Amino acid sequence: MSTSDLAWMNLALAEAERGRGAVEPNPMVGAVLVREGRVVGLGHHARFGGPHAEVMALQNAAEARGATLYVTLEPCCHHGKTPPCTDAILQAGVAKVVAAIRDPFPRVDGGGLAILRSAGVAVDLGLQAGMAAELNAPYLKRVATGLPYITAKWAMTLDGKTAVASGDSQWISAPGSRSLVHQLRGRMDAILVGIGTVLADDPQLTARPAGPRTAARIVLDSKALLPLKSRLVQTAHEVPVLVAVSRQAPADRCHALEARGCEVVVFPGETRVPIMALLAELGQRAMTNLLVEGGGRVLGSFLEAGQVDEVEAYIAPILEGGDHPHTPARGQGLLRMGDAARLQNVAYSEVDGDMRVRGTVAQPWRSILSDLGRETSLISLDRAGVPELD
């Protein structure tokens, strides 16, 4: 591959990014058509249910015959909400397709590339595979495991506190940091907190201003203690509220929450809400991105379940100094520091005086990411529970 090939694929990756928050549960995809050394068509998947990136690039092209198509994900080859992209590519007379990664969705997974090759189209795979895979890590996790991609977010003082001893936490982070968190919320399918956070802060858990998605608000609330006068319940008819309860929850409390517009999901065999069963339920609802905002016991439960995929933390230059349990993650913890999860792909930046730290957590499912730029599928997964996409 030449430097110009790399430039065209980077342009396709930038196009794909434009769909973030609007296309889920579908993947973000960008496409660039190049003919005689210049771009003749550009497109991205802009919204769920809308035309795919390849089709948009072809529609925007003056002449695609004999062109090379650079695309960040293998073109689809099945009928869903839209016809197969492979059909559109063949009808347009595209001579070559350069795809970053294979699409592991069971109805594709190499089939699109095979169809193109059998029709005489030259196909290359693997250019910028790592970047393309990380771009769509949430989609790829859900296809691989049936579970949503989980981002843990918190703000803390320089000495590691998320509140003072009384529980007051407003405000640790600066206005600029809070603005970025609202942008993050606006790209999520759901935002999750524990009942302790609701009782302490009475949060709205909405994006302000609104983003491309309206996230459901999820409360882990084993005993259905969510106050009927809370801002979550009062706005349940406007923005969805899902209350996850156990068999300890009184039936009358559950009925009262449902009467006010909340959805109550009962885990009848449990005294606490089981993290993995809840995540499986969210995956079945095609939720791709879940933001966990706390409190400490909730985040600790997700860490102990091995279900934190990414971290977004804000460290404020203030000192609290108290001896109390208001810390980002609580739970059993570890016996050896060497066993602690170390973030990868870490990015540091200063936001309005705060330090923003972002990074990913090594998880077993991430092993598939390095396979997707290869011709032969090395993925061996039980994906029977993955809902239909497109």
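**Stop 1: helix 7**

Start with what covers the buried residues of helix 7: the cover includes strand 6, strand 7, strand 11, strand 12 (310–316), strand 13 and strand 14 (354–360). Covering is a matter of contact, meaning heavy atoms within 4.5 Å. Helices (H or I, at least four residues) and strands (E, at least two) are DSSP runs, numbered from the N terminus.

You are looking at a predicted model, in which local features need pLDDT of at least 70, side-chain atom pairs count only at pLDDT 80 or more, and totals for chains, interfaces and linings use all residues. Residues are numbered from 1 along each chain as its sequence is written, and side-chain values use heavy atoms, with hydrogens and water left out.

Now select Ser-177, Leu-180, Val-181, His-182, Leu-184 and Arg-185. These residues of helix 7 are buried. Buried means under 20% relative accessible area, exposed means over 50%, and partly exposed lies in between (1.4 Å probe, protein chains only). An α-helix has 3.6 residues a turn, so residues three or four places apart point the same way.

**Stop 2**

Two strands pair if DSSP finds at least two bridges between them.

Which strands stand at the edges? Axes are lines fitted to C-alpha atoms, for helices over the stretch in contact, and angles run from 0 to 180 degrees between N-to-C directions.

Zoom in on strand 7 (residues 190–194) and strand 11 (residues 289–294). They run parallel and are joined by 4 bridges. Pick Ala-190: its bridge partner in strand 11 is Leu-290.

**Stop 3**

Move to the strands 2-1-3-4-5. This is an open sheet, again with mixed pairing. Strand 2 (38–44) and strand 5 stand at its edges. From one strand to the next, the twist averages 15 degrees.

Follow strand 3 (68–71). Strand 1 and strand 3 run antiparallel, joined by 4 bridges. Leu-33 has Leu-69 as its bridge partner in strand 3. Strand 3 and strand 4 run parallel, also with 4 bridges. Here Val-71 stands opposite Ala-99 in strand 4. Strand 4 (residues 96–99) then pairs with strand 5 in the parallel sense over 4 bridges. Val-98 stands opposite Asp-124 in strand 5.

Are the residues on the two faces of strand 3 buried or exposed? Thr-68 and Tyr-70 on one side and Leu-69 and Val-71 on the other are all buried. In a regular strand the side chains alternate between the two faces of the sheet.

Finish here with helix 1. It lies across strand 1, strand 2, strand 3 and strand 4, at about 145 degrees to strand 1.

**Stop 4**

Most residues other than glycine have a negative phi, and most peptide bonds are trans. Now select the exceptions.

- Glu-24 and Pro-25 are joined by a cis peptide bond, with omega about 15 degrees. Pro-25 is in the loop between helix 1 (3–17) and strand 1 (30–35).
- Gln-170 and Trp-171 are joined by a cis peptide bond too, with omega about 0 degrees. Trp-171 is in the loop between strand 6 and helix 7 (175–185).
- Gln-128 has a positive phi of about 60 degrees. Look for Gln-128 in the loop between strand 5 (122–125) and helix 5 (129–135).
- Asp-202 has a positive phi of about 45 degrees. Asp-202 lies in the loop between helix 8 (195–201) and strand 8, and is partly exposed at 28% relative accessible area.

**Stop 2: Pro-250**

Select Pro-250, in the loop between strand 9 and helix 10 (251–259). Pro-250 is partly exposed, at 34% relative accessibility. Its C-alpha atom is separated by 7.1 Å from that of Ala-224, 26 residues apart along the chain.
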